Amino acid sequence: MATNAAQKLTRKDFVSDQDVRWCPGCGDYSILAQVQKIMPEIGVSRENTVFISGIGCSSRFPYYMNTYGFHTIHGRAPASATGLKVSRPDLSVWVVTGDGDGLSIGGNHLLHALRRNVDLKILLFNNRIYGLTKGQYSPTSELGKVTKSTPAGSADHPVNPLLFALGVDASFIARTIDVEAKHQQDILTRAANHRGAAFVEILQNCNVFNDGAFASLTDRELKSDTQLLLENGKPMIFGKNKDRGIRLRGMSPEVVTLGNGITADDLLVHDENDPVLGFMLSRLAQPAFPMPLGVIRATNKVTFDAAMNSQIQDAMAKSGDGDIDKLLRSGDVWTVQ
């Protein structure tokens with residue numbers, strides 16, 4: 001990838017000349033700001049960076065980045081991004097999607113991008129609602145959610161985005177939240193530097209159609225007790241006084257208070273390379289447990305785009321560059337009179 005060795009860029013260099021058109025107070029503004037802040041530090045030039053989106057509020061993102069970009073069709077951003085990355089492996093390709101765009105009509109495309117380990121940075125904005133179409137329940141809306149399309153409450157069991165990504169063995173899985181700027185920047189930077197499919201769920205407030213969906217995680221008085229900030233190799237400690245933690249009791253996690261014989265040595269230690277631990281963390285749910293934030297899983301494996309291009313190079317080494325005209329006229333052909 002081409003870098004900014006000759007010219008030091010700043011956040012302003014990644015801000016486009018387009019008016020940002022989201023509802024006032026939308027969490028998308030914060031996500032946009034954090035992405036723009038980290039881009040100069042990644043060291044990839046604007047002309048080698050591409051943002052690809054589908055349909056939804058989040059999918060206006062490419063307009064606001066002073067890079068290349070595509071605003072594609074509903075749910076198909078991962079497929080479009082895969083084609084681009086395979087044909088142009090030198091590019092840094094980002095996918096911006098939402099819980100509706102990515103996990104409903106786009107679920108199949110997202111699944112294959114993750115399982116193939118295409119070198120994409122996939123940001124899924126999760127506000128647990130369809131915002132652009134004015135407040136219908138989405139694949140991540142909680143059971144019983146009352147919306148315009150479910151006046152008696154949703155009968156659907158919600159998709160767990162982290163569990164979805166773990167189920168297809170994604171090589172990088174993380175979660176952050178719109179109002180935690182520093183945490184967002186750290187997670188986005190980790191995702192950008194990961195070689196392979198990097199999936200980041202960003203909890204995002206829709207203050208018009210689903211305001212307060214994550215209020216317990218953002219309230220200043222509550223968040224110390226409701227957020228579990230994961231650090232690789234560190235025990236799982238949380239709480240305002242750092243006096244609570246997660247330990248295993250048999251095969252099940254439990255919340256404990258430090259003291260009375262319980263120490264940090266008794267707690268679970270986070271291991272980003274452990275898929276079983278990642279599975280357990282993805283299942284921790286409020287109010288019984290704090291919400292895990294951070295890198296759930298990070299491991300290395302061959303990327304789809306690298307493997308595909310290796311096959312192409314091997315074929316060219318054996319058979320030459322090829323002749324498309326000759327190929328089209330080879331094998332079984334017929335003439336229509």
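User: How many bridges join strand β3 to strand β4 (residues 120-126)?

Analyst: Strands (E, at least two residues) and helices (H or I, at least four) are DSSP runs numbered from the N terminus, and two strands pair if DSSP finds at least two bridges between them. β3 and β4 run parallel, and T97 has L124 of β4 as its bridge partner. The number of bridges joining β3 to β4 is six.

User: What is left out of the side-chain values?

Analyst: This is a predicted model, with residues numbered from 1 along each chain as its sequence is written; local features need pLDDT of at least 70, side-chain atom pairs count only at pLDDT 80 or more, and totals for chains, interfaces and linings use all residues. Side-chain values use heavy atoms, leaving out hydrogens and water.

User: Which residue of β3 stands opposite F51?

Analyst: Strand β1 (residues 49-53) runs parallel to β3, and five bridges join the two. Within β3, the residue opposite F51 is W94.

User: How many residues of strand β3 (residues 92-98) are buried?

Analyst: Buried means under 20% relative accessible area, exposed over 50%, and partly exposed in between (1.4 Å probe, protein chains only). On one side of β3, S92, W94, V96 and G98 are buried, and on the other V93, V95 and T97 are buried, which leaves both faces covered. The count for the strand is seven of seven.

User: Which strands are the edge strands of the open sheet?

Analyst: The sheet is formed by eight strands in the order β2-β1-β3-β4-β6-β5-β11-β7, with mixed pairing. Each edge strand pairs on one side only, and the two are β2 (68-71) and β7 (227-229).

User: By how many degrees are neighbouring strands of this sheet turned against each other on average?

Analyst: Axes are lines fitted to C-alpha atoms, for helices over the stretch in contact, and angles run from 0 to 180 degrees between N-to-C directions. For neighbouring strands here, direction is ignored, and the average turn is 20 degrees.

User: What angle does the direction of helix α7 (residues 181-193) make with that of β5?

Analyst: Strand β5 (residues 172-177) runs antiparallel to strand β11 (residues 291-298), with four bridges between them; F172 has A298 of β11 as its bridge partner. Helix α7 packs on the sheet and touches β3, β4, β5, β6, β7 and β11. Its direction makes an angle with that of β5 of about 160 degrees.

User: Why is α1 oblique to α7?

Analyst: Angles under 35 degrees count as roughly parallel, over 145 as roughly antiparallel, 65 to 115 as roughly perpendicular, and the rest as oblique. The axes of helix α1 (residues 28-42) and α7 lie 9 Å apart. The pair is oblique because of its packing angle, about 50 degrees.

User: How many nonpolar residues are in the contact of α1 with α7?

Analyst: Contact means heavy atoms within 4.5 Å, and here S30, I31, Q34, V35, K37, I38 and I42 of α1 meet A181, Q184, Q185, L188, T189 and A192 of α7. Ala, Val, Leu, Ile, Met, Phe, Trp, Tyr, Cys and Pro count as nonpolar, Asp, Glu, Lys and Arg as charged, and the others, Gly among them, as polar. The contact has five polar residues and one charged residue, and its nonpolar residues number seven.

User: Which residues of α11 (residues 304-319) meet helix α3?

Analyst: Helix α3 (residues 77-87) and α11 pack at about 45 degrees, with axes 9 Å apart. From α3, the residues T82, K85 and V86 take part. Their counterparts in α11 are F304, D305, M308 and N309.

User: Why does F304 count as partly exposed?

Analyst: F304 is found in α11. Leaving aside its neighbours within four places in sequence, F304 is in contact with T82, V86, R116, N117 and V118. F304 counts as partly exposed because its relative accessibility is 22%.

User: Which residues of α5 make the contact with α3?

Analyst: The axes of α3 and α5 come within 7 Å and cross at roughly 35 degrees. On the α3 side the contact involves P78, A79 and T82, and on the α5 side H109, L110 and A113.

User: Which elements are included in what covers the buried residues of α3?

Analyst: The buried residues of α3 are A77, P78, A81, T82, L84, K85 and V86. Their cover includes β1, β2, β3, α5, β4 and α11.
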